[in-house]
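The sequence and the structure follow.

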Amino acid sequence: MSLRAIFNKVLEPAVIIAVGTSLLLSCNEEYHYTHGSVYGTITDATTGDSIENCNVSVSDASGNIVDRQTTDDKGTYKTKDISEGKYTVSVEREDYYAGASKSIQTTPGETTQCDIQLSRLPAKITADTEEIDFGADESLTTISFKIVNRYLDDLDWVVEYDCEWIASVSPDKDNLAHGKTATIIVKIDREKLSAGDNKTNLVVKSRNGQGGVNIAIKAVGAYRESPSLNVTGVSNIDMTSAVLNGEIVKVGTPAYSRRGFTCSHTSMDDNASELLAEVNSNAAFSYSVSGLEAGKKYYVRAFAFSEYAGKVWSANEASFSTIGSYPQVRTDDVSSLDLTKRTCVLNGYIEQTGNPAYQERGFCVSDSVEPTVENSKYTVAGSGTGQYTFSLQDLSTEKTYRVRAYAIQNGNAFYGSTISFSTVTTPTSVATTGASSVNHNSAVLNGTIMNDGNPKYTERGFCYSTNNKTPSITNSKISVTGTSAKDFSYYLSGLEYNKTFWFRAYAIQNSQPIYGDVASFETTWAETTVFTMDASEIKYYEMTLNGQINAAGTPAYTQKGFCYSILEENPTLNNSTKLVVSGSSEGQFSYHLTGLTGGTAYYYRAFAIQDGTTIYGDVKSSTTYSPPMVVTTDAYARPDAGTFNLSWTIELTGVYGYKGNPECNDFGFVYGPGDNPTAENTYGYTVVQATKIEPFANSQGSFSVTLTSMPGYQKYYYRAYAKTSLGYTYGEVMAVSTQP
């Protein structure tokens, strides 16, 4: 039990107070004589100035700190009471070398003095942070920190760094007075940050070489990527406009801010004007360009612009040519419609290919709306102009179809007119309308298509027979071309005459024949009748043959004329001379025959050729007249007396051997300057009749003419003549001269 407890238990309260007071005084006296304290002043070893705010610690022999104090504004300190013993007093202060200490021995009841001097550290910069973290916030590009000079000397300082993404440090050097603070602003360029964590160091150095402040700079860079894109083609190409199409493959980081195209006559033209397209969330984009030149080639590139990458071009380039001219296409009628097989043939025609030439052709078909390439199309391979076809299969029955031929040029469709055809079945109706122009070996057969039917008939014509009264196409079939006209005819020739022919019109629909009513006609024959008439205008060497056609015949004759001979009493085309007279009508006809022999009998008859057969008239004969025989003989010329050869007398002489038939009694001469004197040619010739005729026996004789006062120095041609009612007959031409 403690002493105080004993006192409390045994003594009365008053006593306790007295005793307690006595004991306390006794204890204090004992403590005073067993403890002491330490005091002192801390000074600068260089200046001797006291140093405030120094940290003073007292440690026992075991190293345990028994007291801590801080110097006041006079640099002094005093510890609390400590037990007697050996102690170490240690002093520390910022900006001074550490480790300053002294060993002391405390004395009970006394205060021990312990003064210590501190050696100052060289002056240096300190900062209020060791790290600046810009983080990932794109808007945070500037952070500041402070540096302090807590030492007695002024300091020159400078900032050092080696980093491209630190845009600036301001200020980056200065002089800082003792105890002063400076603010340094660090600015970074986030565009230059690498993606992810970026770290570097910034050092603020004292120019006295005493260390520096090392500050870690950190920033998180955004992921950065260039945009990428392609030209996807050119559509809706026209003469002066087109739609340019592109696609963004990557928007880039940060995202591009504008996009568009360039369109130029030059490939890879970096200087072409920008055609800006709308920027939205769609990867595909386009631009409708106008004002282009017709028939020209253009090159197209797409581009996108970002703040990070600048202008980025498409990975490819497209080219196109504006239209110089449009294709022209025609839709022709559907053919070979077969409802049994449910097929037909579509027909189209490219009239002009266009410039550039179309890239696709074919047909579009619909059974409900106007056909276009968007609802149902059938492509047909090929190029150039001309016809093209397509065999359409699997047609539905009882439908009406519309069809158009088309050609696609640069993505634009050009159409022919719309035509219709139907798979609703209606029968073809055909009628036989009789025969016309019937003759011995030919006739014109006539028919009518009253209803084309559906499918439209594919063939029409006639069938006929001479022994089958209900002819069919298995007998004799004649196909008549064409399917547009209602009426149709056929000229049938090479028939037998005097025959009955049964015929009827037909049409073929869906491979089945459809017939009109049976009609008939008979071929006929009527022989040409020809007569030989008496010859007329009979002379010495010519006559006119005469004939007559009383009936042209059926068929009509194709040639007429005469045949004659002096040898054959029954002349034909095979044994005599043939004379053809033009014309094919009925009535008289003639042929004037010349170059005959006088006094000769000629056999002749008229003929006509009908259907290759020769029909003759009766044989007749006529004899040409006999001309007189006359001979030109010598002439005698002599000058007249006393005219010095200027005047002459000429005697012309001739003989006759036969007076002819009819008989001739008129003889004479024709003379003149030319070498072919005739009585018919009166220009320059003179006809003189003989007045002196001396008959001989057997109808022979001579005759002469005397010409007087004929000019001298001339040459005369002359010939004898004999004249009858049929004309002149001449002797040979001879000459006489009045040249001495």
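## Lys620 and Asp534

Lys620 and Asp534 are joined through their side chains by a salt bridge, with an N to O distance of 3.2 Å; the term denotes a side-chain nitrogen of Lys or Arg within 4 Å of a carboxyl oxygen of Asp or Glu. Lys620 belongs to strand β50 (residues 620-623) and Asp534 to strand β43 (residues 529-536), so the contact ties together parts that are 86 residues apart in sequence. Strands are DSSP runs (E, at least two residues), numbered from the N terminus.

Asp534 is exposed, at 56% relative accessible area, and Lys620 is partly exposed, at 27% (buried is under 20%, exposed over 50%, partly exposed in between, with a 1.4 Å probe and protein chains only).

## Basis of the model

The model is predicted: local features need pLDDT of at least 70 and side-chain atom pairs pLDDT 80 or more, while totals for chains, interfaces and linings use all residues. Residues are numbered from 1 along each chain as its sequence is written, and side-chain values use heavy atoms, leaving out hydrogens and water.

## Further salt bridges

The whole structure contains 18 salt bridges. One of them pairs Glu191 with Arg224 at 3.3 Å, N to O. Glu191 is partly exposed, at 39%, whereas Arg224 is buried, at 12%.

Another pairs Lys218 with Glu131, whose closest N and O atoms are 3.4 Å apart. Lys218 lies in strand β18 (residues 212-221) and Glu131 in strand β11 (residues 131-133), 87 residues apart.

Conventions. Helices (H or I, at least four residues) and strands (E, at least two) are DSSP runs, numbered from the N terminus.
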